[in-house]
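Keep the 3D view open as you read.

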Amino acid sequence: MEQDQPSDATYEPQPRAADNIPLRKQGSLVPQRSIAGRSLVMVIAIMTFLASLAAGAANLVSRAAAEWTNSIASEMSIEVHPAPGRDIEADVARAAEAARHTPGVASVKIFSRAESEALLQPWIGTGLDVTDLPIPRMIALTRAAGVKPDVVELNRQLAKLGGAASLDDHRAFISRLSTMANALIAVAVGIVVLVLAASALAVGFATRSAVALNHEVVEVLHLVGADDNFVAREFQRRFLALGIEGGFAGALAAAICYFVAGFVSTRFASAAAADQIEAVFGSFQFGLSGYGLIFAVAIAVAYSTGIVSRLTVKRRLRSMA
Amino acid sequence: MIRFEGVGVRYGVGPEILRDLTFAIAPYSFQFLTGPSGAGKTTLLKLIMLSLRPTRGIIEMYGDNVAQMSEAELTMVRRKTGVVFQEFRLLDHLTTFENVALPLRVQGRAEPSYRAEVVELLQWVGLGERMHVLPPVLSGGEKQRAAIARALIAKPDFLIADEPTGNVDPTLARRLLRLFVELHRLGTAIIIATHDYSLMEQFAARRLVLSGGHVIVEQPRGRGVRL
């Protein structure tokens, strides 16, 4: 039963109080049920979670490596070897004196013979008489803050001791440490990129499917005067919403994981395992930069979801044309 | 306004559905497109509404060759053209109001700027009380009127209607046709595809008769209202 019949009156548009008519909020032109929204959100959330874990791990390694480098790079050491016909105590004193006069060296600490022997205890144990062993002596140097030590000059002075003393500025160790940390960070970045790429592929596939399912909608939009940009924007808006939902759900889960891990490591800091974890990962303080990184991953995922869907739709529309 | 010259259409490697179509549609004109079922009326309308490219020949719209138009130009031509589809093609997830407002929405206009126009037109076509309803709930006649309102809302220069009275009773068909006549008097060129001869007899309008893939142009005749 028809409720109304068209008027016979001449049509003269006369705007009147139409503002009072309640209308629902303008919805998406792409039907929500035509997109596998729940599944896509789950895929995006899982991908973001994995990418966030990788990014967070890279952040932890980077911070730990920086801590190690700072602590190691602030010190140097001189090793004085016993040699036949030489007075090791005199060599130690001369080496220490040379170090004190080197610009950029803040302090010099001579390890006594007893202290040097104590350094060997972890390897040779206690209760062994090492009096007759030719044990090298150590001199620990601390770098002055903000001044680069004149290593060349110090090496030149130590060379005067006939090869009995050598300087170790830890450069090789720092280089290896830096290489290892950079490799780990590169692996983590690679994982983030791969996960983002996989996420983009999933979005591209879902978009193609959505365009195919909404072929009728797309055609009607074109015939009523929509251009490709308008149609692409409609799909992009829908997929961006899904990307934001999935991206932030995954990032939130990753942030909770890191928060709980940080809490647990703090709570059980006295345990033996915690010491080892701290030795490798530093103090496991994720920090604002870590959470910021996870947030950035979520934004990247959401943004890439929108961009990928837009590009996919435009390519599909071109091929349909 | 629209000029066809030697236009032919074939699907794939099959025979030509339409052959050597040569005719013109003038501004402010009113014509029927008729012919037996399967004669190619819908295919010809698809050519006119730019949803199909001809296999050969030239189609000019508003003075420009369609084959040489950019995407932006094609979009602008589509915006000057209102279409009433035989099967309505309303979007089922949008309300009647949203369906009718679609041509204005795709032009980037904000809803407050066209709300009054859409409400006014819906009331005029007798759908004032049905503007919040989704198409699946509408009757055939209501869908028809919603489709017509959608075609009219952007005040097109040219209106294409494919069997616009095919799903309604004769009384309503006459009323709907009167809407088109009214629109024609306001300055819109109109082409209505129908094989309802009794309907055509009511108006002395030009007829494009499709037969055997060719088009024959018949000048206004009959005792109906002269257009």
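In this predicted model, I110(A) faces I139(A), a residue of strand 3 of chain A. Strand 3 covers residues 137-143 and runs antiparallel to strand 2 of chain A, with five bridges joining the two. Both belong to an open sheet of four strands in chain A, with the order 2-3-1-4 and antiparallel pairing. Strand 2 (105-110) and strand 4 (165-168) of chain A stand at the edges with a single partner strand each, so one side of each has no neighbour in the sheet. On average, and ignoring direction, neighbouring strands here are turned by 20 degrees against each other.

Helix 4 (residues 151-159) of chain A lies across strand 1 (75-80) and strand 4 of chain A, and runs at about 165 degrees to strand 4 of chain A.

**Helix pairs in chain A**

Two packed helices are described by the angle between their axes and the distance between the axes.

| Helix pair (chain A) | Angle | Axes |
|---|---|---|
| Helix 1 (residues 37-73) and helix 7 (residues 228-267) | roughly 40 degrees | come within 7 Å |
| Helix 1 and helix 5 (residues 171-213) | about 170 degrees | 9 Å apart |
| Helix 2 (residues 88-100) and helix 4 | about 160 degrees | 10 Å apart |

How are helix 1 and helix 7 of chain A oriented to each other, parallel, antiparallel, perpendicular or oblique? Their axes cross at roughly 40 degrees, and the two helices are therefore oblique to each other. The crossing of helix 1 and helix 7 of chain A is right-handed. On the helix 1 side, the meeting residues include G37(A), I44(A), F49(A) and G56(A), while those of helix 7 include L242(A), G246(A), G250(A) and Y258(A). By class, this contact of helix 1 with helix 7 of chain A has 15 nonpolar, eight polar and one charged residues.

Helix 1 of chain A also packs against helix 5 of chain A at about 170 degrees, and these two are therefore roughly antiparallel. The residues of this contact divide into 30 nonpolar, four polar and no charged.

Helix 2 and helix 4 of chain A, at about 160 degrees, are likewise roughly antiparallel to each other. Helix 2 of chain A passes helix 4 of chain A in a right-handed crossing. A95(A), A98(A) and A99(A) of helix 2 make the contact with L154(A), Q157(A) and L158(A) of helix 4. Of the residues in this contact between helix 2 and helix 4 of chain A, five are nonpolar, one is polar and none is charged.

**The sheet of chain B**

Chain B has an open sheet of six strands in the order 6-7-8-3-10-11, with mixed pairing. Its edges are strand 6 (81-84) and strand 11 (214-218) of chain B, each with a single partner strand, so one side of each is left without a neighbour in the sheet. From one strand to the next, the twist averages 15 degrees. Strand 6 runs parallel to strand 7 (residues 158-162) of chain B, and four bridges join them. There, G82(B) stands opposite L159(B) of strand 7 of chain B. Helix 6 (residues 170-185) of chain B packs on the sheet, touching strand 3 (30-34), strand 7 and strand 8 (189-193) of chain B, and its direction makes about 155 degrees with that of strand 8.

**Confidence**

The model scores ipTM 0.87 and pTM 0.72. Chain B averages a pLDDT of 88, with 97% of the residues scoring at least 70. Within chain B, confidence is highest in helix 3 (residues 96-105), at 95, and lowest in strand 12 (residues 225-226), at a mean of 66. Where pLDDT is low, the predicted coordinates should not be read in detail.

Notes:
Residues numbered from 1 in each chain as written. Chains lettered and ligands numbered in written order. Predicted model: local features only at pLDDT ≥ 70, side-chain atom pairs only at ≥ 80, totals over all residues. Axes fitted to C-alpha atoms, helices over the stretch in contact; angles between N-to-C directions. Parallel < 35°, antiparallel > 145°, perpendicular 65-115°, else oblique. Left-handed = near helix turned anticlockwise from the far one by under 90°. Contact = placed C-beta atoms within 7 Å. Nonpolar A, V, L, I, M, F, W, Y, C, P; charged D, E, K, R; others polar. Pairing = 2+ DSSP bridges. pLDDT = per-residue confidence, 0-100.
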